[in-house]
Amino acid sequence: MNKTVTVVLIILALALIVYNVTIVDFNDPLGEQSIIAVIGIVASLCAIILLLILLTSKKIQEKVDD
């Protein structure tokens, strides 16, 4: 996967986090409607962490190959 694609996916995950934060009812964050948004936020954060691990591993691989 190209670095540009990874950065675009990170930006999309950040956009999903922003969208889901607007849906969360902070008075009842574990209510019926808010729990789906909270799950979406956690899933997006996991995706960002995995993509950052991928970028780091590619940088390490490039240094090992040199």
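Modeller: Leaving out residues up to four places away in sequence, Ser-34 touches Ile-23, Val-24, Asp-25, Asp-28 and Pro-29, where contact means heavy atoms within 4.5 Å. This is a predicted model, in which local features need pLDDT of at least 70 and side-chain atom pairs count only at pLDDT 80 or more, while totals for chains, interfaces and linings use all residues. Residues are numbered from 1 along each chain as its sequence is written, and side-chain values use heavy atoms, with hydrogens and water left out.

With a relative accessible area of 4%, Ser-34 is buried (under 20% relative accessible area; exposed is over 50% and partly exposed lies in between, with a 1.4 Å probe and protein chains only).

Ser-34 lies in helix 2, which covers residues 32-65; helices are DSSP runs of H or I with at least four residues, strands are E runs of at least two, and both are numbered from the N terminus. Ser-34 is listed among the buried residues of helix 2 with Ala-37, Gly-40, Ile-41, Ser-44, Ile-48, Leu-51 and Leu-55, and the buried residues of this helix pack against helix 1.

The largest nonpolar core consists of 6 residues, namely Ala-13, Ile-17, Val-24, Ala-37, Ile-41 and Ile-48; such a core is a set of buried Ala, Val, Leu, Ile, Met, Phe, Trp, Tyr and Cys residues joined through side-chain atoms within 4.5 Å. Helix 1 (3-23) and helix 2 are the elements that each give two or more residues to this core, and helix 2 gives the most, with 3. Setting aside neighbours within four places in sequence, Ile-41 is in contact with Ile-17, Asn-20, Val-21 and Val-24.

Helix 2 has 34 residues, which at 1.5 Å a residue should span 50 Å, and this agrees with the 51 Å between its end C-alpha atoms; the expected span is 1.5 Å times one less than the number of residues.

The chain has 2 helices and 0 strands. Its radius of gyration is 16 Å, well over the 11 Å that the globule rule gives for 66 residues, so the chain is more spread out than a compact globule; the radius is taken over C-alpha atoms, and the rule is 2.2 Å times the number of residues to the power 0.38. Along the principal axes, the C-alpha atoms fill a box of roughly 55 × 15 × 15 Å, and 23% of the 66 residues count as buried.
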